[in-house]
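Grab a pencil and open the structure viewer. Work through each exercise yourself before you peek at the solution.

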Amino acid sequence: MKISKIALKLASYFVSALLLFALTIGTVFFFLFRDYTIDVQRDELVHYAEALADAFSDQEDASHHEQMMSSSDDYLKFIEEVAGNDVWLVDRDFNPLATSTMSRNRGNASMNSHSNPLPIEIVRILPDVFQGETIIDEGFSEQLQQKTLTIGVPITNNHGEIWASALLQSPISGLNTGVQKGLGIFAISLLIALLLALIFAFFLSYSFTKPLSKMKKTALQLAHGDYTAQTKLTQQDEIGELSETIDTLAIRLDEASQESQKLEQLRQDYVANISHELRTPVTVLRGSLEALTEEIVTDPQKIKEYHQQMFIEATFLERLVGDLLDLSRLQNLDFQIEKAPVSLQEIIADTLRSARQLGQEKELTFETQLETAPLLFLGDYGRLRQMLLIVLDNAIKFSPVNGTLRIEFTQNRLTISDQGEGIAAEDLPYIFDRFHKTYGENNKVGTGLGLAIARQIAERHQILLTAENRPTGGAQFIFDFSNLTTIDVTTLDTF
């Protein structure tokens, strides 16, 4: 498993934040735990001191010193063992009546009060204790050379008079040791938590950066032209939405690439077709001119035939150039066609007059069935007439002698049908492409641009033009005018 740079950064940020949090919590824990431990120890010392004071509160006065000394030994030793502290019983003259050290050294006959001088911090609080106050003092002990906690509690007799005081002293270093142990446990727990968090952070960062790496790889593939690349990520979050967007972009780029390749192929075919269509008449013209110029042909009849052939080729060139210009203009969306209110029935009637002239040679019959209600819309009369004449001329070329052409207009559909051989199945999808033409006796002078021009004119008028073969034989071209915005007859005067 390879860890990326961003994964390492995320993990380091996460661990750094956790470490900072842990240090903050540790510092707060240290002070709170230390204060809490001191408070607990203070309360315990006060409790032991008060219990000790209560134990000797029934003494009448200090005259019972010897009796008190003998009776307090075991109790003071018990208090010291339980509390782990030094204990003193002091009279009003600040003389130790009993101490835990005296109890430990009771077997030494020379031991007396003067051999157990009171620590200065004890002496400091005694005046306040004998005033009836419970004193809690935290300070530095010169004798122990460390900070200590000292508790002083007054001892009263049966008459409520203070005759002695009980004092307990505990080094704070012991408390600090407890705090340090607590901090040690906290530090070990923190290290384990940091280790687990580090592992979790790496896996979390990896799970976060893995889809990003995949999207980067896909983006690089797209940048190098591989538009079939896909991230194939399915996540219900923002990363999933981004990956879905990249996949959609890849699909669009693939479609655009295929369309670009198709357009490039069309361009190449277009140039090749133009070159082919121009080469033949130019070659004929050049050959004829060379023969006439060099007087290879001298027979007047032959010269006349050469002139006739040159005229036919020049006419074909003129028609080809005109068709190319028309198609180029119609495909340019910036080229505006002249639109005005027109009647479809009027255009059909005008076109049929010309078509009948073209069909006289084959003695064709024209059958028409047109709706009487005029279809009025905005259109370019000349271009629409050109569109219909192209289709009619195409039908005439492929119709047999004495055949019938049927023109029918009903329910916004105009159908032009012939009785020819129909359109070959392999040619049917391409008949509206530029320079697509069939070669035969019926189409010797075709440029292959007529139906492409007709389709462009139809599209500029929002007319759907399609072609199909009739079940009974022959081909038919269908013009669908359903998408046209028609004009009400009563509004014609406003145009």
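This is a predicted model: local features need pLDDT of at least 70, side-chain atom pairs count only at pLDDT 80 or more; totals for chains, interfaces and linings use all residues.

Residues are numbered from 1 along each chain as its sequence is written, and side-chain values use heavy atoms, with hydrogens and water left out.

**Exercise 1.** Work out at what angle α9 and α10 pack, and which residues meet.

Step 1: find the helices. Helices (H or I, at least four residues) and strands (E, at least two) are DSSP runs, numbered from the N terminus. Helix α9 covers residues 381-397 and helix α10 covers residues 450-460.

Step 2: get the geometry. Their angle is about 145°, with the axes 9 Å apart. Here axes are lines fitted to C-alpha atoms, for helices over the stretch in contact, and angles run from 0 to 180 degrees between N-to-C directions.

Step 3: list the contacts, meaning heavy atoms within 4.5 Å. From α9, the residues include Arg383, Met387 and Ile390; from α10, they include Leu451, Ala454 and Ile457.

Step 4: zoom in on Arg383, which sits in helix α9. Its relative accessible area is 14%, so Arg383 is buried (under 20%; exposed is over 50%, partly exposed in between, with a 1.4 Å probe and protein chains only). Arg383 and Ala454 lie 71 residues apart in sequence, yet C-alpha to C-alpha they are 8.7 Å apart in space.

**Exercise 2.** Trace the strand order of the five-stranded open sheet, and say which strands stand at the edges.

Step 1: read off the order, β7-β9-β10-β12-β11, with mixed pairing. Two strands pair if DSSP finds at least two bridges between them.

Step 2: look at the ends. β7 (365-370) and β11 (464-469) each have a single partner strand, so one side of each has no neighbour in the sheet.

Step 3: check one pair. β7 runs parallel to β9 (residues 404-410), with six bridges between them, and Thr365 faces Thr404 in β9.

Step 4: Helix α8 (residues 344-358) lies across β7, β9 and β10 (413-417), at about 175° to β7.

**Exercise 3.** Find the buried residues of α4 and explain why they line one face.

Step 1: in helix α4 (residues 120-129), the buried residues are Glu121, Ile122, Ile125, Leu126 and Val129.

Step 2: look down the axis of α4. These buried residues fall within an arc of 140°, so they line one face of the helix. The arc is that of the directions from the helix axis to the C-beta atoms.

Step 3: see what covers them. The cover includes β1 (86-91), β3 (135-141), β4 (146-156) and β5 (162-171).
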